[in-house]
Amino acid sequence: MISLNGYLIISFCLFLAGMTVMIARKNIIAILLGVELILNAAALNFAAYTRFVNQNLDGHVMSLFIIVIAAAEAAVGLAIVIRFFQIKETIHIDDATELQS
Amino acid sequence: MFLKIMFVLSALLTLGGAFLTASSKNLMHACVYLLACLFGVAGLYATLGADFLAAAQLVVYAGGVVILMLFAIMLTGGVQEFVNKFGLDKTPSMGSGKTYTIAGLSMIVTAFIVMKILAPVFKTPAQTDLPAFTSTVEKLGVLLVTDHVLAFEISSILLLGALVGAAVISRPRRGK
Amino acid sequence: MDYTISSVAPIVLLPFFAFVINAFLARKGGKATIAAVFLSCAAIAGSSVYAFRIFKDFVWGNYATNYHIHKFFTWFDLNGGGQEFTVNMGIYIDNMAAVMLLMVTVVATMIHIFSTYYMKDDMHYGRNGRFFVYMSLFTSAMLGLVLSDNLFSVFIFWELMGFCSYSLIGFYYEKEKTGNANVKAFMTTRVGDVFFLLGIVAIWTAIGSVGFVDIYNAVDSGLFTSTKVLGMPLATFAGLCIFMGTIGKSAQFPLNVWLPDAMNGPTPCSALIHAATMVAAGVYLSLRIYPLLEVGELTTFVAYIGGITAFGAATIALVQTDFKAVLAFSTISQLGYMVLGVGVGSYNAAFMHLITHAIFKACLFLSAGSVIHSLHDHHTHQHVQEMPRMGGLRHKMKYTWIAMWCCTLAIAGIPFFSGFVSKDRILGDALVAATHNPVMAVPAALGFLGALLTAFYMCRMMFLAFHGEPRDKEVYDHTHEEKLSWNRNAPLLFLSIFTLGVWFSGSLTGQGLVKVADYKNGKYEWFQTLIEAPKKGNFENYKREAFGNTDSRVKDSFEMTKYDKQHGLSEAEYHHVHKWHVIGAIASIIIAFSGVFIAAMMYLWKKWDPGFWVKTFNRYYRTLQNKYYMDELYIKGMIQGMLLPFNNLLAKLDMGIYDRFVVDGSAVATKFVMKIANWFDNLFVDTIMVDGTGASVKFFNLVLRTFQSGKIQFYFIMIILVLFGYILAL
Amino acid sequence: MALNYLASISHYVPELILCLTMAGLILIESAYDRGVKGSAKGMMYWGAYLGLLCSFVYLFKALGTEPLQIFTRSIVIDSFGTLAKMIMVLGTAGAIFLGRQSLDIYEEVKSEFVILTIGVLIGGMLLVSANNMLLFYIGIETLSILSYVMASLKKNDERSSEAGLKYSLYGGVTAGLMLFGMSHIFGVLGTIQFTEIIPAMAALTKAQALVLMPAFLLFFVGIGYKIACVPFHMWSPDVYEGSPLPVTNFFSIVPKIAGIVAFVRVTNTFFGGDASIVRETWVVLLMIASALTMTVGNVAAIGQRSVKRMLAYSSISHAGVMMLGVLVIDDLGARAILFYAVTYLFMTLAAFFITSFVQDHYGNDHFERFNGLMKKHPLMSIVMVIVMFSLAGLPPLSGFVAKFNILAAVVSKKYYVLAVIAALNSVVSLYYYMKVVRLMVFKDAESDEPVKGFIFSNQVVITVIALPVLLLGVFWEKLIVIAGGAKIFLQ
Amino acid sequence: MSGHSNLLSWILWMPIIGVLGTLLIPRTKETMIRVWSLLNTVITMALTAVLYMKFDQTLPGMQQALTEKYAWIKQFNIFYHLAVDGISLPMILLTALLFFICILSSWTVKKQVKAYFALLLFLQSTVFGVFMAMDFFLFYVYWEVMLIPMFFLIGIWGGENREYAAVKFFLYTFFGSILMLVGMVALYFVTGQGVDSFNILALSGGKFTNTTVEIFGMVLPFAKIFFVALFIGFAIKVPVFPFHTWLPHAHVQAPTAISVILAGVLLKMGTYGFLRIAFPIFPSASVYFADAIAWLGLINVIYGAFCAMAQNDVKKLVAYSSVSHMGFVMLGLAAMTVQGMNGAVLQMFNHGTSTAMMFLLIGILYERSHHRWIVRPDGTKGFGGLYTQLPKYSIVFIIAMFASMGLPGLSGFISEALIFLGIYSKFTTITVLAVIGLLLGAAYLLWMFKRMFFGEVIEECKSYTDMNAREIFYMTPLCIAVIVFGVYPAPLLNMMKASVGKLVSLLATF
């Protein structure tokens, strides 16, 4: 039960959930939530592989950095969102279509 | 056994949190569900013997990112015409049936892609003799100042840059 | 006497240098132009001296001997890099060329002299000079053609003559219609020329040379029949192609339409180019390639072309009222006789007719020029060319009248005149051919009919112009009395001397009778003896030799009876031939006289009313009753008389239907095709293919823009889809 | 040779200098009040230039030395990377120079612009020399996260912030995908070390190798996004358009070159070994991607009204051309890419410089603004003509030689069809490049007003930038020798 | 291997010296610029004359004594390799002559004189480069560089629709040459990147007859595939149907001197490419595709002529006539016989002179009339009675026109006759059809001449003045060339025959 497959399936589900959020949601902050989900899926994979396949702690290091960088990215992303909100007074993603060919 | 219960609980927490994050109609709720999900992932880390990771997950994500998100949600709730008092118009901006349909279809495709990766992995026989849990903190610490010292150090640049960047962006325009 | 380059080349080079110098001198005007005119005349006179020297050697000096001067030089070669190809140009003079040279130079000299009269007050001097520039160039080209030893150089000179013809027809360039006429002339002959070139190329490729001698040798060795081109023997293909050149240049049916229009040029140029020499060069060419026509079994075709032309042109000439137009059509008709002669195997007669025709037709045209130049319409300030406005001119221009009558009799085929000698032989040979091959009966019959018409229309022309009463009194009155002058009458009279048959045949009357009188001694038949078709086995002595200082003449003496032996005639056959010759001679005498008689009855004695014929064959027009007041009506009647069914049909076919629908029609078709081509070029290639590429790029661009919607989630979906696609592709 | 810890530092001086520069600049920026901004500005710029110069000098010294792995094999220092870094340093210097000039960067964020460019440069250098997935990821994120900020640097401009937004969202997704892929690669191969991948792959069965392909594909999404390769390019026109012009200029040089060079390294690492079935499939995928990239970039560029956007699209197509060098997976390709990068650097810099001047003066950078520039500013126009023709790949300009090298690399592997597609694309590209030339030279100006900012120093700089474009087209042997010497370190 | 003489380099770089000089002269001193340019071209002409003297006509192939070879890019074995043989020498002479004449005819250019002459001289250098380069890379570089000055010359100094024409010209030719680039690079690798991999001379000789290439899994013969690539590149330049549509636009819009260069020299570069590169390198493929080339040539001849006839713009008419005449060159090339090939090279030279004359004459007329309509779109006559009004002009026009339509005694004839002679043995049907081209060629020119020159002088033509001394001066050399080489083509043929023969011998072995 506690096997690689279980973790992989969980991460797979996380990934799918994250992608769903990113595509279905129209709220920009919600989309950022999706990003976090995806990153977590990847990080979980690293940890799972380390545990079950190769015991290479590099995987943990990867996960750690993913967590850290995700935080940084979230910070910058949110800052941009807020700036966007201040300018456009909306956080609806479909309002961000000023730039198109 | 404890491990199994913990795994099941964490898994349920993770998956449930993820599902609810994806489906909740309220952004604030979604954010909280995400928190639950991240807790679950931390639990999963714990079941994998990645104690340091679990801790970091809790600290950085639960303590940092999600709180940041919540602040952001609050900050963007200022305009009444569009949104309710939390700044969240429940239905339109959280996605509609149409968008979920599209997302669902996309997910089928995505699942296909990922399954292409996973299927052979699933087929490989599981390793039976897993090593016993040991604390990874020490090893990780050693790794971080030996093998991955550069990554450890240079990520400061990233963080510094992110800091500056976030500051630049959110700083109101001078002279106004 | 030695024949080196210096004794032959001046024939061509003198007029050519005159051309080069005149090209710079002539336009200066004033004395420079006079000098130019003089230079031209002197040059051609000089070449006639050289030509005469050759002629003397060939014809008089060494009687009954075949002479060939055959020298070459390398024009350019392509030897190098392991490849060999040489283009040799050369001089080839045999008896025919010698005769031709003399004829061309003498006629040209006379015409040059006459031109100094004709062109003198025609225009200001600069223009006069220009005329002589082209004349000199033309003469040198014509002489070059005669001296050529191969088809390629023939073609070169041939085209140069075409250019001169073009320029001289367009001499009065301020007239719109000269522009039409010269384009028409050049283009029509060009149709033949390109095929000529094709024929040259075909022969060159097959036998590696286009020298006449090499061609004859190849004919001997059977190369021309064994090689096949596009499914036919090379001889047929090449012969046909080259004969197309003849058709174009000699204005044979169906390319005869240009010659009447070519009369837009000055009359001396018509005389030289469009009557005496250039158009005859076509016949000269077909004589040169006669073995090809024979081997290629084209003689019947050639005979039909000649017969149809001879008769058709003559019928048209019946109704012409323009002085020069009658002559133009008669030229076509006579050229038809020559071609008919080629077709029926009457080689030497065809050539003889070429010579005789050149002389009397040049004289006729010069006379016409003399007449036209004298007649002025003082209202329009134009020369008068219409016969209805002439009449009774013999009183005013006696010498012209005499000269012209000589020529008319010659062309009409009256015994003792040169035309009879030559034309009668052609007709006789046509009869003989008809007895051998019934198909040939048609050209023969056409020839005889044509002879009748020729006599008729020529005499009609004479009667209308010179006899009777002046029909346009005013013009008549303004015409000055002709005075004997060196540059007006002397050339005419000089040429008219040579319209006598005695120059060409030992007997005064010609071939048929001379055999009766003195058949053992064919000595005086110098034409018949010297000019003979290139035949198998004759050419082993024709060596090509590079230019040096030695005389490379080849002398083939042959016995008196060689002519008959050569033909391989048995006694019975000989008698058969002779019998038909006699019959032909008698018939043609009768025909000629009856033609003259009918003309005289109609126009001179006015015994027969031409209106009668008009009435008989055309019930839409009133009978013309009064002979004395017929000046305008007569012509009108005559024109309406053209509605005689057959003539009408022919005339229409030639000038109306053919010209309009085939020549102009092909122009229309060409225009249509080129419109389509242009449209295709603009629309299809340009718009769809080239700009269309641009359009498709733009369309693609539009598609891309649709993708680039600016919606970030759409981009996400795209990523997924693309990954999906890639995974599927894996 | 692999060095550990402090021993490595002596080989990592260029980056460290830049880190110090960045830190120093932050200090300077924060130390001065806005009242004395003027002198601080100068200091900032000179500091930045100094740092870049030192870095460049050190890089130059490192050129041609033996490749070595430092920091316990997490970084590889080889000539290939070093040359790429030099190019990026130059590009950054150019971008900073332009940023100082441009009115498109507000005065109050100019110092941040400098800081961020150097940050991005550090990220790029990290990416270029990364020898494991971790540093690769950190490098790419450093590049990206700072780029998000740069894209939205034009505050209060909705387009700019939208650009940043899109960039960050797209970057987040692709980073996630890439990590997801990486994790599986890690799972199968058991290592994050690039140098260990070739032996690890050699040990794989075919079935296992096939597992890797989708994972690689996801990995490729991350890089593909960075170099804006079709079909992961969709963010780039929007971001390029929304960003301030100097930022666009910077984006189309430094991150792109870093991405490409890293891509070369990764591809060579993964597939440089034997010609397995994996490799063949991968090459085919790359072929399709690169052909699409070139075509889409070019075709989209045709319809643009704004020169900046046109250049943005054209940079996509150039990335496609450079990818041709990637997919041949050998030294010839690497050499061609380096050469291409050098020329591309100068051409792009010059083009953006001039566009910037025009935009600053005439308000926008639409094509019509270039009308009749030849009469007003011959030097500027001549440079622009040279650059445009060079971008299109006309001899004797360096763009041609670059394209020739790429084609040579492609043809050496006998990918003729691809070569033809690349060739045809350069015809399409000529069309829109020529449009600029046409307007400048053939048309009459809308107004006689000259561009004000085009002072002598700028003229000198533009000339200096344009000279290599011209000279490298003729005297390119030296550079090709250098680029050819810059071998990729694999094991 | 370094050269013994730097003459070729001098010729090649002399115009560049001219460009530099032009740039140094102040913008306002226009006459000085003109004189300097003229002087420069005179020097170049003198140098080419020296080249002609030094040229050994008996040698097939390259002249060793004149060859220059210096390493350029050792890494790729690219050399600065200049040489001449009998095929390129006539072209070089023609180029030198035509540019001299073009400088003279451009005397009246008023717009941006400095840039104009600089570009013109630059163009000259690139054209020389194309004809001298024996390194494929060098050749390609010159081939492409040539487009740049041409683009500006058409685009700035052209007619009202000049931009479109310039762009079209540029894109079209660039498209063609880029395919050539691929072929060139492929050759480089097929030969193993050795010292001679870019050496045109070393590549030639049919080394690739048995090489194959795999595209999408199909094994195809290398030579044929890349012959097609090269063919398209060169065919666009010639231009061969259906790649010809840039030509009328470019010709019509270009200023007079540029039309002259375009028709006189640049089109020849296409056929020169065949002779120098496509045929020697891929002889087997050339023989294989000879049929196709011949048919295309035939279409060129006929189609160009038809199109020419439909034109009401006299310059366009002449432009289309170039299409037609270059079709003859293609026919000659397709023949691959000694006559055909020599004819083709000769035709390249002769067409260069005669068409140059035509364009110059039209330019002269245009300076007076400022339009080129034979018949205006509204149906009125554009010109009429020019013969009466401009007698000298008319005579020169007649010479040019008849040379163009191939009148014996003028230059066009020999080459066309040789081409027919060459092609007949290989393609009889095509020959029979191609003679129609001769007919049409005469027709459209004569018709044009008739409409413009005959008849009464129309009102607007009465103000035209006849050719002035300068115009006569620069028409004279061309007139002389047209006549002299028409009467005695041996000097030209002697130059080329050895080299051409060598090529023919090579092709004959396949």
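Hi everyone. Two residues count as being in contact if their C-beta atoms, placed from the backbone, lie within 7 Å. Keep that in mind as we look at this structure, which is a predicted model.

Let's begin with chain D. Take the contacts in chain D between residues at least 6 apart in sequence: 79% of them join residues at least 24 apart. What does the secondary structure of chain D come to? You can find 21 helices and 2 strands in chain D. The radius of gyration of chain D is 21 Å, close to the 23 Å that the globule rule gives for 491 residues, so chain D is as compact as a globular protein of that length. If you follow the C-alpha trace along its principal axes, chain D spans about 70 × 55 × 45 Å. Buried residues account for 69% of the 491 residues in chain D.

Now, on to the neighbour. Here 35 residues of chain D are in contact with 23 residues of chain B. Several helices of chain D each supply at least two residues to that side, among them H2 (13-31), H5 (110-129) and H7 (158-189). Which helix gives the largest share of the side of chain D that touches chain B? That is H6(D), with 8 residues. By class, this side of chain D has 22 nonpolar, 8 polar and 5 charged residues.

Last stop, chain E. Strand E3 (residues 212-215) and strand E4 (residues 218-221) of chain E pair in the antiparallel sense, over 4 bridges. For example, E:Val213 has E:Leu220 in E4(E) as its bridge partner. The hairpin of these two strands has 2 residues between them, and E:Phe216 there takes a positive phi near 50°.

Technical notes. Residues are numbered from 1 along each chain as its sequence is written. Chains are lettered from A and ligands numbered from 1 in the order in which they are written. This is a predicted model: local features need pLDDT of at least 70, side-chain atom pairs count only at pLDDT 80 or more; totals for chains, interfaces and linings use all residues. The radius of gyration is taken over C-alpha atoms; the globule rule is 2.2 Å times the number of residues to the power 0.38. A residue is buried if 20 or more other C-beta atoms lie within 10 Å of its own, exposed if 12 or fewer, and partly exposed in between; C-beta atoms are placed from the backbone. Ala, Val, Leu, Ile, Met, Phe, Trp, Tyr, Cys and Pro count as nonpolar, Asp, Glu, Lys and Arg as charged, and the others, Gly among them, as polar. Two strands pair if DSSP finds at least two bridges between them.
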